[in-house]
Amino acid sequence: MLQGSLIILAFVVIAALMMTKKIPTLLALPLMAVVICIIAGVPAVGQDAEGTEIGWLSAVVESGTVRMGSAIMAVIFGAWLGQLMNKTGVTETIIKKSAELGGDRPLVVTLIMVVACAILFTTLSGLGSIIMVGSIVLPILISVGVPAMSAACIFLMAFTTGLTFNIANWTTFSSIFSVDVATIQSFEIYMLIATFIATLVLVFVEFKRNGVKFAFSAPVENAQPTKQLTGVRGGLAMLSPIVSIILVAAFKVPVCPAFMAGIIWILVFTATNFQKSMNLMVKTCYDGITDGGPAIILMIGIGILYLAVTHPMVTEVLNPFLLAVIPADRIMFTVFFAVLAPLSLYRGPMNLFGLGSGIAALVMGLGTVPPLAVMGAFLSAERIQGCGDPTNTQNVWTANFVEVDVNGITKRLLPYLWAIAIIGVVLSTVLYF
Amino acid sequence: MRLKDIKKNNRINVISAILKHDALSRIEIAHETNLSPSTVSGLVSGLIDEGYLVETGARAATAGRSRVALAVNKDLGSIAVVEISRTQVRLALFDVALGELDSVVLSHDYASGNDLFALILAGISALANKEGQPKLLGMGLLFQRDMDASEFNVMYSTGISSANIPLATALFTQLRIPVIEEYTQDYTAARALERMKEDQTSGAYISLGADVLASVVVKGAPVHLKSGAFANLAPLLEGMSVSCDADAETAEVIPHDAAHVSVTPERLAYVVSVLCTLFPLDMVVFSGPQETMTERFIAATEGALHRCLNGAQAPWLEWLHLNGSGSLSATCADHVRRTILLQE
């Protein structure tokens, strides 16, 4: 009992240190893993009767660094493809051609921008890509009469819609929940639909609220692409973001080969010179790894924390606490996660890219609730974190760029995101409980 | 093409013609752009009203009517160029006519990442935001040629999460102006090759540094080499065991280090003589740092080339030293200016 209480206390203290910006997440997760192991009495070095390593140095820290290996690789290849899309002008052309398609009608331009952003962020990742897309899309939205706050919210919702189908993220979730990518995909389809509908509702509500005329004629400034991709090859190049998704979702191709196919696809349809293409391929690979750096180091921490909380000696200590807290009843489970979903904000305990990964592993290991229902509940809460968390770099950048308060964005988006999360939790109960 | 796009293109053509010639009259713009005088007149009026162009006064009188020259309005705004080298960081401010307004050395040491970002912002705050200084329109980051822009990534942190973004992106985010990245290598080569193209001459450009890169222009047209516009001669120079005159192998050598390939005048002259047998070269332009491309090295190379050519007509040799950064900054400012005015 004492050990369990101390672990919960350590959990709260480290979470508080992280949320108050005293220590970064990349330090907090491994630190928490080590503290949990020490309190639970896991030896630093040791073997069980069968000779398997059970010491935290080896079984938790060493093994944890590679636990998310496949997800790390997916992030790298995804970021590489994203860099290629940015450097070859595919990203810019997709946005600007979309803006031209919308003409001078604000609502049409906004809706097309939402779709274009969503498609782009199925592949793009990292703050660099957010800046690349946002610095074009946000001025376009504002130039057609959408107020800055509304433009920021719509952009972030569109980004989150695309993120639902980001196959690099699918691999991350698949590693966290120890399920295959197809299982993640089958639930994320519902999340995609829910997020897209919520984005459309947001657009209509914002237009109504701000009195933007639905057929108002306004000029779209600076819609001239600087890197023109034209003709059949240009058209095919612009399909790059969906090539990998189609391969994974429809043909069940593993994620990394699907990204490699996307990389080859974009190089083939944008190349003008073999040597230059090869140089670009190498350069974007290195830049992609830089882009993926923050996610990679976070995943190393997640892997270590996962192995710490699933260590038999730790689960033995924590299970009595969790059994008392986590409802085993369908209705109570739904209410519990629907109400607590906003705790994913500010890097809270429901945040899958932090403490939530460890908690999810613990709850799944209890055996009192179906693991897939836990997966659905946490993926639902992830909607709120991915889009609304004011500590996300993309939220801060977007708010700064359009000069609005980042917490204002969270306030404006929370009703929509919470609604999506509730729908997701209900769905996961219906589907998997 | 939509009417709006046609007008936009015509505006770009007019500005482009003026930038190319510094100042032109309306009729000269019409000749240069193949637009009708009335179209040019309408576009020019709009550009004057918007502050892009100014009339600089009567330039020439023909058939009783004076032609008023038009130039870009130098007071339209300012352009900042940050030269980033391993030994210093310098910020220069130009007006739109490319006159240098002010400059300051931001650091006498190597600076990178968030330190460099902070230095540049402080420099901009001190120079560009001074009373009476025109509004900052754009910025160029001019990196030393052996640098990689990713060396200068800036950490964008919210306190809890963070991401690495390129320096140019961070500056764009902070200043909301176009920021372009360039390398001194590109400018030296661009200037040399552009001149050969303009003069319709044949020549070669050879850059001495971490690699030895060569580019060839024949009668104003660039020659497409196997590896593209440039061929790397470093492997050839380093592996070469022959020279025109073995006894004449001189001790004047560009020493081998991280920034330079080891080059002897003899080997360099031999490579040039080979190029001369392949292409009808009128001139060869070399570029490299002054500290390594010394007067003795130049004299030794010229002497060796005469020996290698064995009495045949040697091409005109020109040596560009890379430490004269002022003109490179102006070229970079010109590029930024074109990006802003032509929305390239």
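Where in chain A is the place of A:Ser357? Select it and you land in helix 17, residues 355-366 of chain A. Keep in mind as you look around that this is a predicted model.

**Stop 1: around A:Ser357**

Now bring up the residues it touches beyond its neighbours within four places in sequence: A:Ile176, A:Ile302, A:Leu305, A:Tyr306, A:Asn351 and A:Leu352.

**Stop 2: where the chains meet**

Colour by chain and move to the contact, which takes 30 residues from chain A and 24 residues from chain B. About 2,100 Å² is buried between the two chains, and carbon and sulfur atoms give 57% of that. Next, pick A:Glu403 and B:Arg176, whose side chains meet in a salt bridge at 3.9 Å, N to O. The count of salt bridges between chain A and chain B is 1, and there are 5 residue pairs in polar contact, both partners at pLDDT 80 or more.

On chain A, highlight helix 1 (2-19), helix 7 (126-143), helix 14 (274-309) and helix 19 (393-402); each supplies at least two residues of the side that touches chain B. By class, that side of chain A has 10 nonpolar, 13 polar and 7 charged residues.

**Stop 3: chain B as a whole**

Chain B has 10 helices and 16 strands, and 47% of its 344 residues count as buried. Among its contacts between residues at least 6 apart in sequence, 59% join residues at least 24 apart.

**Stop 4: salt bridges in chain B**

Over all chains, the structure holds 15 salt bridges. Start with B:Arg26 and B:Glu55, where the closest N and O atoms are 2.8 Å apart. B:Arg26 sits in helix 2 (residues 26-33) and B:Glu55 in strand 2 (residues 53-62), so this pair ties together parts that are 29 residues apart in sequence.

Then select B:Glu151 and B:Arg86, which meet in a salt bridge at 3.2 Å, N to O. Both ends are in loops: B:Glu151 between strand 7 (136-143) and strand 8 (154-157), B:Arg86 between strand 4 (78-84) and strand 5 (89-95).

Finish with B:Arg337 and B:Asp334, a salt bridge with closest N and O atoms 3.1 Å apart. Buried or partly exposed: which is B:Arg337? B:Arg337 is buried, with a relative accessible area of 6%, whereas B:Asp334 counts as partly exposed at 24%. The two are 3 residues apart in helix 10 (residues 325-342), so about one helical turn separates them.

How values were computed: Residues numbered from 1 in each chain as written. Chains lettered and ligands numbered in written order. Predicted model: local features only at pLDDT ≥ 70, side-chain atom pairs only at ≥ 80, totals over all residues. Heavy atoms only, no water. Contact = heavy atoms within 4.5 Å. Buried area = accessible area lost by both parts, 1.4 Å probe. Salt bridge = Lys/Arg side-chain N within 4 Å of Asp/Glu carboxyl O. Polar contact = N/O pair within 3.5 Å; in protein donor to acceptor, adjacent residues only side chain to side chain. Helix = DSSP H or I, 4+ residues; strand = E, 2+ residues; numbered from the N terminus. Nonpolar A, V, L, I, M, F, W, Y, C, P; charged D, E, K, R; others polar. Buried < 20%, exposed > 50% of the residue type's maximum accessible area, 1.4 Å probe, protein only.
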